[in-house]
Amino acid sequence: IKPSSPCNKCLNVSWDSTPPCTCTINFTLEHSFESNVFMYYGLSNFYQNHRRYVKSRDDSQLNGDNSSLLNPSKECEPYRTNEDKPIAPCGAIANSMFNDTLELYRIDNDTRTPITLIKKGIAWWTDKNVKFRNPTGDGNNLTALFQGTTKPVNWPKPVYMLDSEPDNNGFINEDFIVWMRTAALPTFRKLYRLIERKNNFQPTLQAGKYSLDIAYNYPVHSFDGRKRMILSTISWMGGKNPFLGIAYITVGSICFFLGVVLLFIHHKYGNRNTSADIPN
Amino acid sequence: PCALPAAGRRPPHPPRLRRGESKTRLVRSSLLLPEAEPEKSKRTVLACNRLKTTKYTALSFLPKNLFEQFHRLANVYFVFIALLNFVPAVNAFQPELALAPVLFILAVTAIKDLWEDYSRYRSDQEINHMECLVYSRNEKKYISRYWKEVKVGDFVQLRCNEIIPADILLLSSSDPDGLCHIETANLDGETNLKQRQVVRRFLELDSEFDPLKFTSVIECEKPNNDLSRFRGYIIHKSGKKDGLFKENLLLRGCTIRNTEEVAGIVIYAGHETKALLNNNGPRYKRSKLERQMNADVLWCVLILLIMCLFSAIGHGLWVWQYGEKKKPIFDVPGPDGKYLSPVLASVYLFLTVIIVFQVLIPISLYVSIEIVKICQVYFIHQDKDLYDEETDSQLQCRALNITEDLGQVQFIFSDKTGTLTENKMVFRRCTVSGIEYSHDDNAKRLAMYQEPDSEEEEAAPKAGTLSQRDSICSHQSIKVIHRSQSTKTHRRTGSRAEAKRASILSKHTAFSSPMEKDITPDPRLLEKVNECAKHLEVMRSHEQPLSHLSPELCDVFDFFIALTICNTVVVTAPNQPRQKVRDRFELKSPVKTIEDFIRRFTPSRLTAGSNSSSSSSLATSKSMHRFGLSTLSSTSTDSTLLKLEEKLAYSAQMNNYGYSSQQGRTAVGGTPEEGELRYEAESPDEAALVYAARAYNCSLVGRLSDQVSVELPHLGTLSFEVLHTLGFDSIRKRMSVVVRHPLTDEINVYTKGADSVVMDLLLPCSSDDPRGKHQKKIRSKTQNYLNLYAVDGLRTLCIAKRVLSKEEYGCWLKTHLEAESSIENREELLFQSALRIEKNLHLLGATGIEDRLQDGVPETIASLRKAGLQIWVLTGDKQETAVNIAYACKLLDHDEEIITLNAESPETCAVLLEQCLQCVQSKFSNTIDGATGNMTVGFTPLYPPSSSVLSSLGLVIDGRTLAYALEPALEDKFLALAKRCRSVLCCRSTPLQKSMVVKLVRDKLKAMTLAIGDGANDVSMIQVADVGVGISGQEGMQAVMASDFAIPRFRHLEKLLLVHGHWCYSRLANMVLYFFYKNAMFVALLFWYQFYCGFSGSSMIDQWYLIFFNLFFSSLPQLITGVLDKDVPAEVLIAVPQLYKSGQNMEEYQPHMFWMNMIDAMYQSLVCFFIPYFTYYDSEVDIFSWGTPITTIALFTIILHLAIETKTWTFLHWSSCIFSIILFFFVALVYNASCPVCHPPSNPYWTMERLMGDPVFYFTCIISPVVALLPRFLYRTLQGTLFPTQLQLGRQLSKLSPETRTQLLTELNVKETIRQTQLLADSFSLSLGSNASHCYRAKNQSTPLPASPQTRESLFREHTKAEHKTDQTAAASPQGAVLYEENKLPSSAGSLERSVESLSVGTTLPWSSAVDQEDFSLLKWITSTPLFSHIGTVLQVSSRTCFAKVPSCGRQLPVEVPACSTSLLGPVSNCWDDFAGDFLVRSAGCI
């Protein structure tokens, strides 16, 4: 985010700033996106792979284990309890969950049409259905199920209020699940929303102007972090990354060249050895 | 009441002996009542006879073993790391998980140790539970007890052939003279018998020895390890003192022979016995490779520390950059909610990172190496080539941890007797009064023993044909053949069993193999002996004086008499203790006093009594003897039968070779009693000589202490009265007997000794006297023959005689008796007196005895030499013998210069060494002058005239000089001299000296040493050397028990070293390097990651993978390679011993290689890290979905790396690599699917499954290993093609077909000889050096030229040979057949073969056709060249060479085909025409 960016004003937000600082960024798409579009948020310089950070979670709590819910693992320290109440979800990862809200609008002749962002299907199927589970108990009232726990320190809302839909709330909130899958490198992106292609005649996102509304909650300035929003389609090989292609071409040509050289060498010198003049 | 030496080494002594406390020990009878022994309680501290070599007991095993394992620094390190994991502030993994590999490794090692200790325990148990007879006070008789129960002071009774349980003072013997024979083979490796004597005073006891009455106290030395010394006193009740010498001591481990019963008191027991003290405790051997490896492990530690330090500093900076206040959201504070200061954080991190990076120190390295070594040992065990049928033994690897040292040996220290030689003396040739009897047939017979089986099979048909042809063949011999055939079938079927039986027999008595006993007499000499005997017979009957006999015959007669009686051979019957056929009435002790002499030699007795009395005594003794033997033979029918059979078969053989039927008759009709006699001698030579004499019908039938009975043809049994026996000693180098001749009544001295001394003692003969002239001639002739014998490597002995007049004898006797009776320096005086009588000798003749070398010893030595090994022979034998053997086994060459060091004092030794060194140095700098002149100062420098200045040197040094040379002041000089010599020979060295020499070389030259020996005298040497090899042969098991490897024969050393040693070394070296590489590469991946995780010590690789990667996923292929990889096949290694040098020079594992590997590992890890990094850069990938591909890539890279390094591919290699990869995927899949909430923090649920559905994963996995391995692959190819090492050349050699290989190898050898002789021009060697096709091309060009028929003929022969070979290959390889078809030469093989056949039958063919034939064969050879290199060479190339050849051959064909086809038979020529036509068509086509 450049200083000129409209979000510059929000640099000094803190976790519990209410109301959230909002800003809007306008951008233009040169080409239209034909197929489904993936909307990512990217963070850089964010060390999600820090050793203590990575450890700071309780998988059995997230799996809906009731005893862990009230008595989280020690690994979560110091985000284990808050005011003698167990935190759910505990740990540093959960505590630092990305909580900006992004909204995308298409600007078509100065009219902003919101683009439908689908928030389900962004997490691994196994995570959503196997690894992450809400605590079990009587009824489906999450509020009751999370009784006796408290929200993570940095969160504005408790975990059972992450979403309105019951199958995307609590621990099985997909935004939460995506965040909990810690990134490998300090510069990473995470899937935020999907934009599905509506019909076969229209591209998913036409070329043109768009604007992005950001409810800026997540402070990254303290560690020189940056936020990004990425829109990307996906091929059969996954996201767009030219590296492998270049690598293959380079290595292939090197190998070919070496092959020729070796063939030449073999022809010239290879026979010499069969005469096997072992000295001594 | 048994204390082990560690507990009670120094037994306390009674106060009155405090003065001598430190030097002596007191031994009392244990039978005395305890009341009489106030200090009994103290005395029991003396060591008992229990043997304990185990390290652990059941209780102490766990703590002690753990303690020992923690001596290994690596183990401590790993445990430390594992424990570090329990500290919460720094832990990186789950603590329990981190502990697993360490525990696994400790457990594996502990189990191995336990197993080893158990086997030791069992062998101890076996020895401890051997039984012997110990006198019991309660029961008043000897009762059977276990060895371990024997205590100092006990009385032990031993029977014949029993092994002595402890060091025992001999107190009584069933032998009337108080003698006892022991075989010390277990102790010093000499199989001869040694005499031991009962302590003097006890000998004089009239009654039976009664232990209860033994009240004397024995005061003797403290236990020490000097086998050749024992001093002490026995103090009798009366206060009298008697000296004790080593002659009174029976040593533990020896065997009683020839004596029915002995009894004695135990002086030293258990670990204090001399035998065990001579065994230095086992040394923990660490192989050289391991030492080097440990150094590199330390480097690894350093690298690790640097990496950790780097990370720690990095982390400190990283924490610091965020400052105090602005803590980022991802920096998790400690449990107490406070953030760590940068410094503290980095300190913690340092420890964490050590845990994370611990894999850099290969934890599984040690355990893998141990596993690999065990497997290697197993495969060495499986090698059929190292199995010896004769002894039914095979190689044993007793040390599991030094297999690779076998591949790095630089010095070999070998024992001689029993190691290089069989320790079986065989009479080979002799010369009597200047006439040589070459005993050719004897030699033939000996040669036959080389291949006993083939000879046996051939013998029967041969006998048939020969006997038909042989006109002299009598009826009897036919019968013999018939019988021998009937027995032969039996023999062949049961030859194995028989061999066993024979070996059992031979264990009872030292020398009994037929090879030594049956000597084929030289017909000429036999005739002379018979003639001589006849003359004597006549003379005796006619009372004629002996002098009528011609001097030559006289010499012959005396020669054999000397052979027979001039020794200490004892006559026994098999399977029975020596029966002393003894008439008490006739007992005559050796002349003891002057009075005795006078009494005995009074004229009356001399004139009247002599003949009659001797003959009468003879008769009695003979009859008794006969009687004894016949009873004997009935009792031991089995062995008699066996003997008879052998005899028969053997005599049949003799007949086959056309021997006089008389011999057969004696053999068949000869009395069985004669065959029954066995001779047991102190040295094998003596026995060999006696057996030789027996072959000439002059057999020793009995020996008493005062008379010797000799059975002679025609004469019957003569008994010689032995007046004195002057035993052999190494200074005089001779022995003599003084006897009274029964026929002439003269007093004769027969002397037998080394030629060098005996020749100097001969009677000086005047040159004017014709008789003297003759003598001189004889002498010079004999000397010539002696030299010849020596060249042949025979042990030479001179036989001489002196006739003494009574006066002379009396005069000498007086001084001799004085000498004998003196107590002070008695030995010195006896020596002087011996010198006095052994002079003015008359030379009778000389003998050549062969100490037969083991099979293949010279070849093995030559081959080991070629391999760059220095061979030293350390022997206890005397110098002459040792030198002879050294010549025989090509250790010394005759064109070698030999430096002999014999010094009498340290000073002279120093001077001598100095001079030799200077001399050698001057020689090496090519400034040879009359240095030899300096050397003649009191020593015996041997500088045989040598033509070449630069000839190699041999050093011969004797035991005493060696002792001086080994002193610290001189050892450097000695080594400097020895280093220059090609071979070193140490004679008369004691076991301790042997080990000192080895130690010297090992420590000073920093060389790898190997000691090989078979006897207990080699034990200390074997233990000191880096590698100890025992020969499990005839001489007990002591050497084997001490050795690291035990082989049945010396020749097996070749394969053990050159093949297995090389393999083990190269495998292990490669494996160790690979290990370092692997771990470094893996850890570096983690290190690179630290740059991207704020140096926080986190790892992208799941901890399970991280910990078990080494243990499971990547270990199997490398183990397989470590066990099975053969860099060069065995045949090539044997054929080209030079390849062994790679091990000596540590070529496979040099320090720079470690660093090269490290750099390569860094590079590879960079590739393996950054390709996934860039692939997944700025993507939504999570840690473990990113780490798993990296792990996979690393695994692929590591396994492919191994694939590049692997030299041989077998099914196991393939399968292990594939298995490892499959295992990884399988484990990953299962692990990732097993539990959604387990294994925090990684929790890799479904990661692998997801990855495997992602094509990017596969793409990265393919490209990364390729890029990572490209440089190494390139290097290997380029280096292998452009600058191949010897080993690679050897490998290529093996890829060629066998024929080409043999050809190349012969060329190689030829080249070598060329280089050595430097006779042939470069061009020739070039043509030889070029490969086979070149060679043939050259010959092909030469064939059209006109050459002499002979050369063509010979060339042709060569070609046909080659052709036959090609035919074989064609049949062998289907590929070859395909090639044939492609070359459109169907049926060419058949037709050619036929034509060749016809050619070989019809020898009258004109040579022009031969040339033509040759062209054909050449052509065919050319067309079949692809067969030779059917794998490597491309088809086009071969056909091109074929076409190139076609014109040249084709041009000749039309001209010559018609001419020669007429001379050939029809069908053949047809075929030939066909072939020719076919060929013409083809050649036309190609032109």
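Biologist: What percentage of the residues in chain B is buried?

Modeller: Buried residues make up 57% of the 1487 residues in chain B. Buried means under 20% relative accessible area, exposed means over 50%, and partly exposed lies in between (1.4 Å probe, protein chains only). This is a predicted model, where local features need pLDDT of at least 70 and side-chain atom pairs count only at pLDDT 80 or more, while totals for chains, interfaces and linings use all residues. Residues are numbered from 1 along each chain as its sequence is written, chains are lettered from A and ligands numbered from 1 in the order in which they are written, and side-chain values use heavy atoms, with hydrogens and water left out.

Biologist: How many helices and strands does chain B have?

Modeller: Chain B comes to 56 helices and 35 strands. Both are DSSP runs numbered from the N terminus: helices are H or I with at least four residues, strands are E with at least two.

Biologist: Pick one helix. Is α28(B) mostly covered or mostly uncovered?

Modeller: Mostly covered. Helix α28 of chain B spans residues 857-866, and seven of its 10 residues are buried. Among them are V857(B), I861(B) and L864(B).

Biologist: What do those buried residues pack against?

Modeller: In chain B, they pack against strands β17, β28, β29 and β32, plus helices α29 and α36. Contact means heavy atoms within 4.5 Å.

Biologist: And what follows α28(B)?

Modeller: G868(B) follows, with a positive phi near 85°.

Biologist: How many residues are in the largest nonpolar core?

Modeller: That core has 113 residues. Those with the most contacts inside it include F1076(B), Y1149(B) and W1186(B). Helix α36(B) gives the most to this core, 20 residues. A nonpolar core is a set of buried Ala, Val, Leu, Ile, Met, Phe, Trp, Tyr and Cys residues joined through side-chain atoms within 4.5 Å.

Biologist: What is Y1149(B) in contact with?

Modeller: Setting aside neighbours within four places in sequence, its contacts include L289(B), M293(B), Y1065(B) and F1076(B).

Biologist: New topic. How much area do chain A and chain B bury between them?

Modeller: About 6,600 Å², 65% of it on carbon and sulfur atoms. Buried area is the accessible area (1.4 Å probe) that two parts lose on being put together, summed over both. The contact takes 65 residues from chain A and 82 residues from chain B.

Biologist: How many salt bridges are there between chain A and chain B?

Modeller: Three. A salt bridge is a side-chain nitrogen of Lys or Arg within 4 Å of a carboxyl oxygen of Asp or Glu. One joins R181(A) and D1182(B), with the closest N and O atoms 2.9 Å apart.

Biologist: Which element gives the largest share of the side of chain A that touches chain B?

Modeller: Helix α8(A), with 16 residues.

Biologist: Last one. Where is V108(B), and how far is it from E370(B) in space?

Modeller: V108(B) is in helix α4 of chain B, residues 95-128. V108(B) counts as partly exposed because its relative accessibility is 27%. V108(B) and E370(B) are 262 residues apart in sequence and 9.4 Å apart in space, C-alpha to C-alpha.
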